[in-house]
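Notebook open. I want to look up how the parts of this chain meet.

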Amino acid sequence: MLTVTNVTKKYKNFLANDNVSFSINDGEVGVLLGPNGAGKSTIIKSINGLLRYSGTIEINGIDNRSIEAKRQIGYVPEIPALYDTLTVAEHLEFIRRAYKVEDVKRADELLERFELLDKKKKMGKELSKGMQQKVSLCCALVHDPSVVIFDEPMVGLDPHAIKELKLLFSELKAEGKTVLISTHMIDTVEDYWDVANIMMGGRIAATKHNHSENSDEKSLDELFFEITEGTTKEA
């Protein structure tokens, strides 16, 4: 479970996150939507303990800045951050050892799933942006985290990888994991979300739950464009 409570982050005089609160339960896929500059990446980085902030963020009831909480998080950043001179296999081996993962087969299973087995000996600097993104996905999952956070995960991916990633979202949900996906591309998440938080100006402007029994509620698409553009999307 992920719980964000009254989180505020300032960069000098710029208020990037203003009293942000939301939660995602076990077995749920949460989506953080909003245009570029809405504050999504700032709250994502805060959740992952990469920024200082005021407020509270908990991973399964534990402060996110603790070692115990960090062990339970898998994070796919918006921009892959690979080591230039480590091979694909060495990246996963580094993560496996850092998290003391005994299952040595899991890394190869992930590489096979994302069509990277034949790239195991390639160094990070030799990979295309799309391949770097796929390695980043594998690194985030190799230690079997209970909370998995994706920041614009589909950027640069080929159709097969996008298909596998969407299947992975459903599998993580079925396994009872907590999933958070941050994106500005609403059409990439329309099939599998449980709760969506729409951000504007560093705040949560609206929260919508999927499968609502209220037939009069606006669709996620309508709500998103009403908030971000001040009108509903035209057909």
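Before counting anything, I noted the rule for a polar contact: a pair of N or O atoms within 3.5 Å, where within protein one must be able to donate a hydrogen and the other to accept it, and residues adjacent in sequence count only if both atoms are side-chain atoms. I also noted that this is a predicted model, where local features need pLDDT of at least 70 and side-chain atom pairs count only at pLDDT 80 or more, while totals for chains, interfaces and linings use all residues. Residues are numbered from 1 along each chain as its sequence is written, and side-chain values use heavy atoms, with hydrogens and water left out.

**Entry: the domains.** I looked up the division of the chain and found domain 1 (1–72 + 145–235) and domain 2 (81–144); the bounds come from an automatic or database domain assignment. Their centres, taken over C-alpha atoms, lie 25 Å apart. In the contact (heavy atoms within 4.5 Å), I found 21 residues from domain 1 and 13 residues from domain 2.

**Entry: polar pairs and salt bridges.** Across the interface of domain 1 and domain 2, I got 6 residue pairs in polar contact, both residues at pLDDT 80 or more. I then checked salt bridges (a side-chain nitrogen of Lys or Arg within 4 Å of a carboxyl oxygen of Asp or Glu), and the rule finds 4 across this interface. I also looked up K177, which forms a salt bridge with D144, with the closest N and O atoms 3.1 Å apart.
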